[in-house]
Amino acid sequence: MLISNLTLIGLAALLILTKEVGYRCNRWSRQRREMTSEEGSSFVMSSALTLLALLIGFTFGMAQSNFELRRDLVTHEANTISTAHLRHQLLNPGHRRELNSLMAEYIRVRMGFSRTGGDPKAVEAVGVQTGQIQAKIWEVTDRALETPEGQRISVPLLNATNEMFDDAERRYAAFDAKIPERILRSLLAYAVGSSFLVGLTLAALGSRHFISTSGLFVLIALALSLIIDMDNSAVGLITTSQAPMERVSKMIESELKLPG
């Protein structure tokens, strides 16, 4: 939350300051050259702000698409874990208890993926833990398939286990799917350039309109910070809900408490 607020305040301050610089530069230039008017300046300002709005909308669409992908993958992984867990209940009691314990540990580790805060080392640590538990689950599943109960559900059990493991990899891929930095830098540069043009135009028109333009730049900064927040859903105010994983975790934990 602190990072999001600082981003918003910093962007708004930068845009307002840039507008003021443009205003003062034009006023200084006009005084030296004794200019009285600049025809067409309002058209240039309107065109720049219109194009900025289009760029913000385009970039927002990219951020929203990435956010929805990560959210959908959380739900899908929760479903595949639940499916694999339910099929484990058809195995003999020994293998069932062993797999229930491993699945409870596995989902706790997978839920920890969302709490890494985007730290590469933390993400890597979760990846190592995930791989270790996957190896244990696969080992027990392999032994379970040799029993009559395992042979009876071998195909659906293997499919569910493979799908569960694949979803973990898909979430890592989605974690890396972000708006290219070049696009974000270009959008920020264009926003700064547009605020400078606004300052130049206001100086040509002879009025600052400080309150109204400051409000406009706060709104633009809000849109930019929203894009950045949505594109980095591991931190900030907009985060990917882990509710589906939490529900499955409770279901598995309840199974562990049952006798037998």
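**View A. The charged end of Arg110 over the ring of Phe113.** In this predicted model, the charged end of Arg110 sits over the ring of Phe113 at 5.4 Å from its centre, where sitting over a ring requires CZ of Arg or NZ of Lys within 6 Å of the ring centre and within 35 degrees of the ring normal. Phe113 is buried, at 6% relative accessibility (buried means under 20% relative accessible area, exposed over 50%, partly exposed in between, with a 1.4 Å probe and protein chains only).

**View B. The charged end of Lys178 over the ring of Phe175.** Here the charged end of Lys178 lies 5.0 Å from the centre of the Phe175 ring, and Phe175 is itself buried, with a relative accessible area of 15%.

**View C. The aromatic pair of Phe113 and Phe175.** The search of the whole structure finds four aromatic pairs, counted when the ring centres of Phe, Tyr or Trp (its six-membered ring) lie within 6.5 Å, with planes under 30 degrees apart taken as stacked, over 60 as edge-to-face and the rest as tilted. Phe113 and Phe175 form an edge-to-face pair, 5.7 Å centre to centre with 65 degrees between the planes.

**View D. The aromatic pair of Trp138 and Phe165.** The ring centres of Trp138 and Phe165 are 6.2 Å apart and their planes are at 50 degrees, so the pair is tilted.

**Notes.** Residues are numbered from 1 along each chain as its sequence is written, and side-chain values use heavy atoms, leaving out hydrogens and water. Local features need pLDDT of at least 70 and side-chain atom pairs count only at pLDDT 80 or more, whereas totals for chains, interfaces and linings use all residues.
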